[in-house]
Amino acid sequence: MTIKVAINGYGTIGKRVADAVAAQPDMEIVGVSKTSMNADAYVAKARGYPLYIADLAKRPDFEGAGVPVAGTVGEMIGKADVVVDATPGGIGLKNKPMYEEHKIRAIYQGGEKHETAGFSFNSSVNYAEAKGRQFTRVVSCNTTGLVRIIHEMDREFGVEMVRAVMVRRASDPGDIKRGPVDAIVLDPVTLPSHHGPDVRSVLQHIRITTAAMIVPTTFMHLHVLQMTLAKPATRERVLELCRAHPRIGLVTKAAGIRSTAELKEFMQDLNRPRSDMWENGVFEESVSVEDGTELWLFQAIHQEADVVVENVDAIRAMCSDVPADESVRMTNAALEFVAL
Ligand code: NAD
């Protein structure tokens with residue numbers, strides 16, 4: 001059976017999820033939607049995705065620019081088994097009555113609160129629990145990156161406490177409206193930040209405290225992560241676990257990379273689509289274990305990319321009987337993605 005997928009909100013995340021879905025052998029895109037005409041509509045047309053719009057009054061803007069409109073968002077949803085809601089944060093909640101009315105499964109993004117879906121997803125942790133649900137939320141880019149590495153360490157050693165500092169990108173590369181241009185912004189100035197509680201929406205038992213700041217860059221987030229482990233670990237075992245994980249990559253010493261800019265360039269040169277880094281980029285040289293139980297590391301998180309593969313797995317988790325490991329394998333294989 002082919003899973004029919006609609007993408008409501010064809011922006012930074014939606015356009016990436018659409019391409020990742022279209023690459024899967026067991027899924028097809030029945031439509032993507034937008035609110036207003038812009039370059040993304042030309043991309044949808046070039047990809048052959050039927051384009052639906054939220055407000056039919058805007059149809060002339062699209063058709064006048066040579067982009068056919070297939071119909072309304074409601075009509076698109078009527079053709080789908082599941083909708084990926086990648087509209088800006090907060091709009092997903094407003095869309096919920098429409099999904100309830102159509103009795104359609106919906107996958108929300110991290111800009112929505114946990115309560116909007118009632119279930120927060122990460123393919124490494126709780127894939128099987130998505131089965132049978134109408135609503136699932138793929139957690140934010142930062143939370144996805146934190147959850148992947150914390151869960152992996154927790155499975156092997158037990159994690160007693162996590163302290164994390166997130167150095168966050170100011171805006172996505174194509175976003176000209178956000179800053180700062182020349183400042184480090186405490187986000188928020190109160191401690192801790194909201195990221196810790198968000199991690200606990202997936203890993204309820206983990207003790208974690210977080211702080212975050214925004215810096216003038218667009219490429220990626222950079223996490224400084226410290227975990228107190230219950231059982232003694234070795235640096236080599238931590239590196240082995242990272243190497244074995246399908247969504248955690250190691251930025252090796254040999255690569256000579258010590259910045260997000262060089263990492264982004266590396267992805268581009270590897271011909272990753274849109275230079276996307278779907279995996280956590282753990283800096284091999286940073287991984288250190290002190291006194292057996294204090295683990296430290298740096299990891300880079302590509303905000304536009306890491307959640308994309310999670311959305312593909314969430315679709316399978318909700319709409320098929322494919323088990324978690326197989327879904328992750330299929331998702332990665334269809335994208336020709338092997339973690340660093
Ligand atoms: P975006 O602004 O790039 O894209 C949103 C798209 O939704 C736009 O194309 C817009 O035209 C469309 N849209 C707006 N209202 C709509 C409506 N009512 N119906 C249909 N389409 C509508 O936003 P984004 O960055 O892709 O973020 C989407 C979601 O993903 C948010 O919840 C965000 O928090 C989350 N997220 C974003 C990032 C990131 O770094 N950009 C990372 C992880 C998660």
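Me: How many helices and strands does the protein chain have?
Reply: The model is a predicted one, and its secondary structure is counted here over the protein chain as a whole. That count comes to 12 helices and 16 strands.

Me: Why can the protein chain be called as compact as a globular protein of its length?
Reply: For 340 residues the globule rule gives 20 Å, and the radius of gyration of the protein chain is close to that value, so the chain is as compact as a globular protein of that length. The C-alpha atoms, taken along the principal axes, fill a box of roughly 65 × 45 × 40 Å. The radius of gyration on which the comparison rests is 20 Å.

Me: What share of the residues in the protein chain is buried?
Reply: Residues count as buried when their relative accessible area is under 20%. The accessible surface of the protein chain comes to about 14,500 Å², with 53% of that surface belonging to carbon and sulfur atoms. Of the 340 residues, the buried share is 54%.

Me: How is helix α7 oriented towards helix α11?
Reply: The axes of helix α7 (residues 141–157) and helix α11 (residues 306–319) come within 9 Å and cross at roughly 80°. Because angles of 65 to 115 degrees count as roughly perpendicular, the orientation of α7 to α11 is roughly perpendicular.

Me: Which residues of α11 make the contact with α7?
Reply: From α7, the contact draws on Cys141, Thr144, Gly145 and Arg148. The residues of this contact divide into 3 nonpolar, 2 polar and 3 charged. On the side of α11, the contact is made by Asp306, Val307, Val309 and Glu310.

Definitions and conventions. Residues numbered from 1 in each chain as written. Predicted model: local features only at pLDDT ≥ 70, side-chain atom pairs only at ≥ 80, totals over all residues. Heavy atoms only, no water. Axes fitted to C-alpha atoms, helices over the stretch in contact; angles between N-to-C directions. Helix = DSSP H or I, 4+ residues; strand = E, 2+ residues; numbered from the N terminus. Parallel < 35°, antiparallel > 145°, perpendicular 65-115°, else oblique. Contact = heavy atoms within 4.5 Å. Nonpolar A, V, L, I, M, F, W, Y, C, P; charged D, E, K, R; others polar. Rg over C-alpha atoms; globule rule 2.2 N^0.38 Å. Buried < 20%, exposed > 50% of the residue type's maximum accessible area, 1.4 Å probe, protein only. Areas by Shrake-Rupley, 256 points an atom, 1.4 Å probe, with all protein chains shown as cover.
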